[in-house]
Amino acid sequence: MTAAGRPHPRAAVDVASLVERARSGQARAVARLLSLVEDESPALREVMALLAPYTGRAHVVGITGAPGVGKSTTTSALVTAVRGRGQRVAVVAIDPSSPLSGGALLGDRIRMSDHATDPGVFIRSVASRGQLGGLAWTTPQVLRVLDATGFDVVLVETVGVGQSEVDVARAADTTVVLLAPGMGDGIQASKAGILEIGDVYVVNKADREGAVAVRRDLRSVLSHTERPADAWRPPVLLTSAQNGEGLDQVVEELDAHLAWARKSGELERRRLRRAREEVEAIAMTALRRRWAGTSDGDRLADLAARVLAGELDPSAAADELLDS
Ligand SMILES: Nc1nc2c(ncn2[C@@H]2O[C@H](COP(=O)(O)OP(=O)(O)OP(=O)(O)O)[C@@H](O)[C@H]2O)c(=O)[nH]1
Ligand SMILES: [Mg+2]
């Protein structure tokens, strides 16, 4: 995100010491590592190699739902709950705006002032549309850094706009889907494909009329979903995040889901899929970069021109590209 005015990473980063400081809990060092991810710094390779042995410990929780349902308020309340039991927590807000806005929207999207001075809390926004396809490339690496630097829980908030919520669900160990009365009932939820991704459903704004009805409808729709006998049955909870009500139960269900996922093998399956997608995203990025511009010109553009001229068919061109 150098375009936003952040200084370009210095040529020589003392990666080992940076990693050590980040792992000892220094927020500034963690922030610096995340900047290396966003800047796609050449130092990243060494960072990731050093962090690799420490990954796989954090509980990654995705929080998604339509705009305005109370994701940020809930996230903040969850931070309080997690901190209450002495665990360290990181919050990642997926910012759907252009990468050029940098972290400017963070203050608007997350109401986190309560936690600003707590050294056990780390907050970061990530642009979902990076130069390299955004979420697929950046987010998993951000999560990886936070996991390896000792956060017990990583909360990922995304605004519910189609693909991004599904992507976040794929990146998380446990996905919380938020609804609220008057903002999308169970039927709208099923349309949005939300019924497939939730491990825990939360009907927020329980202080408002209609919350109980939303919960009843959602429970009814979920009960008609086919599941194997030993499958996880997503609970539907009521909260009033603004008043801090119902959050303890959410935390309990997050724990219960993690325990179930661990025991059933689902956690391993999800994490394996995540690792697979991560490798694929990095490899695809490297390939695109290699094809787009080499010292002997733009290989892909040359091949496209030959396809257009009828000299080559697209399959033959693809073969040439892969062989190059
Ligand atoms: N009545 C009521 N209002 C709430 C509750 N939780 C959040 N709100 C309000 O709902 C509005 C939206 O809350 P946010 O937490 O910003 O919602 P969000 O889902 O993060 O919104 P976006 O990030 O913009 O998609 C704010 O005005 C909150 O104060 C609640 O439990 N009850
Ligand atoms: Mg928000």
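1. Before the metal site, a quick word on terms: a donor here is an N, O or S atom within 2.8 Å of the metal, and since water is not among the atoms, a site may look incomplete. Keep in mind too that this is a predicted model.

2. With that in hand, look at the magnesium ion (ligand 2). Its coordinating atoms are OG of S72 and OE of E157, at 2.1 to 2.3 Å. These two residues come from distant parts of the chain: S72 sits in helix α4 (residues 71-84) and E157 in strand β4, 85 residues apart. Both ends are tucked away, as S72 is buried at a relative accessible area of 8% and E157 is buried at 3%.

3. On to the charged pairs. Side chains of opposite charge can pair when their charged atoms come close. Searching the whole structure turns up 13 salt bridges, and a few are worth a look in your viewer.

4. Start with D173, which meets R271 in a salt bridge at 2.8 Å, N to O. D173 is in the loop between α7 (163-171) and β5 (174-179), while R271 belongs to helix α11 (residues 266-292), so this pair ties together parts that are 98 residues apart in sequence. How accessible is D173? Its relative accessible area is 0%, so D173 is buried. R271 also counts as buried, at 19%, where the cut-off for buried is under 20%.

5. D173 has another partner in R274, with the closest N and O atoms 3.1 Å apart. Here again distant parts of the chain are linked, the loop between α7 and β5 with helix α11, this time across 101 residues. R274 is buried as well, at 16% relative accessibility.

6. Next, R299 and E320 form a salt bridge whose closest N and O atoms are 3.5 Å apart. R299 lies in helix α12 (residues 299-308) and E320 in helix α13 (residues 314-323), so the bridge ties together parts that are 21 residues apart in sequence. Are these residues buried or partly exposed? R299 is partly exposed at 25%, and E320 is partly exposed at 27%. There is also a network to find: salt bridges with shared partners join D199, E266, R269 and R270.

7. Now the nonpolar side. The largest nonpolar core has 34 residues, and those touching the most other members are L33, L36, V92, L146 and V154. Several elements each put at least two residues into this core: α1 (15-23), α2 (27-38), α3 (44-51), β2 (89-95), β3 (121-127), α6 (135-148) and β4 (153-158).

8. Leaving out residues up to four places away in sequence, L146 touches V30, L34, A90, V92, F122, F151 and V154.

9. Finally, helix α3. Which of its residues are buried? They are L44, V47, M48 and L51. Viewed down the axis of α3, these residues fall within an arc of 95 degrees, so they line one face of the helix.

Key: Residues numbered from 1 in each chain as written. Chains lettered and ligands numbered in written order. Predicted model: local features only at pLDDT ≥ 70, side-chain atom pairs only at ≥ 80, totals over all residues. Heavy atoms only, no water. Salt bridge = Lys/Arg side-chain N within 4 Å of Asp/Glu carboxyl O. Helix = DSSP H or I, 4+ residues; strand = E, 2+ residues; numbered from the N terminus. Buried < 20%, exposed > 50% of the residue type's maximum accessible area, 1.4 Å probe, protein only. Core = buried A, V, L, I, M, F, W, Y, C linked by side-chain atoms within 4.5 Å. Contact = heavy atoms within 4.5 Å. Donors = N, O, S within 2.8 Å, 3.2 Å for Na, K, Ca; no water. Arc of directions from axis to C-beta.
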